[in-house]
Amino acid sequence: MEVCQGLMKPVDYDYKHGKVIIQFRCIKCGKTGINKAAPDDNLDRLLQKSQMG
Ligand SMILES: [Zn+2]
């Protein structure tokens, strides 16, 4: 569970078994986590958006 309420920013992604695994890192405490995404999700836009924010 997140306790610091920091923003989980997507930092990387990987493909496993045909699925996309997005890696997140909390910008406050540095805690990492992963989340599955559909292959047709717009990852470029997701990561680009995170850089802008
Ligand atoms: Zn945190």
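View 1. Gln23 has 15 C-beta neighbours inside 10 Å, so Gln23 counts as partly exposed. The cut-offs behind that label go like this: a residue is buried if 20 or more other C-beta atoms lie within 10 Å of its own, exposed if 12 or fewer, and partly exposed in between, with C-beta atoms placed from the backbone. Keep in mind that this is a predicted model, where local features need pLDDT of at least 70, side-chain atom pairs count only at pLDDT 80 or more, and totals for chains, interfaces and linings use all residues. As for the numbering, residues count from 1 along each chain as its sequence is written. Gln23 sits in strand 2, which covers residues 19-26. Strands here are DSSP runs of E with at least two residues, helices are runs of H or I with at least four, and both are numbered from the N terminus.

View 2. Which residues does Gln23 touch, once its neighbours within four places in sequence are left aside? They are Val11, Asp12, Tyr13, Thr32 and Ile34. Being in contact means that the C-beta atoms of two residues, placed from the backbone, lie within 7 Å. Take Asp12: it is 11 residues from Gln23 along the chain, yet their C-alpha atoms are separated by 5.1 Å. Over in strand 3, Ile34 is the residue that stands opposite Gln23.

View 3. Strands count as paired if DSSP finds at least two bridges between them. As a bit of background, strands of a sheet pair through backbone hydrogen bonds, either parallel or antiparallel.

View 4. Strand 1 and strand 2 run antiparallel and are joined by 8 bridges. Among the residues facing each other across this pairing, Tyr13 stands opposite Ile22 in strand 2. The hairpin has 2 residues between the strands, and in it His17 takes a positive phi near 55°. His17 does this although it is not a glycine. Is His17 buried or exposed? With 5 other C-beta atoms within 10 Å, His17 is exposed.

View 5. Ile22 has Asn35 of strand 3 standing opposite. How many residues lie between the strands of this hairpin? There are 5, and in this hairpin Gly30 takes a positive phi near 80°.

**View 6. Lys16 and Lys36.** Lys16 belongs to strand 1. It has 9 other C-beta atoms within 10 Å, so it is exposed. Lys16 and Lys36 are 20 residues apart in sequence, and their C-alpha atoms are 9.7 Å apart in space.

**View 7. Gln5, ahead of the sheet.** Gln5 is found in the segment before strand 1. Though not a glycine, Gln5 has a positive phi of about 65°. Gln5 counts as exposed because it has 8 C-beta neighbours inside 10 Å.

**View 8. Stepping back to the whole chain.** The protein has 1 helix and 3 strands, and along the sequence they follow the pattern β-β-β-α. Of its 53 residues, 0% count as buried. Among contacts between residues at least 6 apart in sequence, 16% join residues at least 24 apart.
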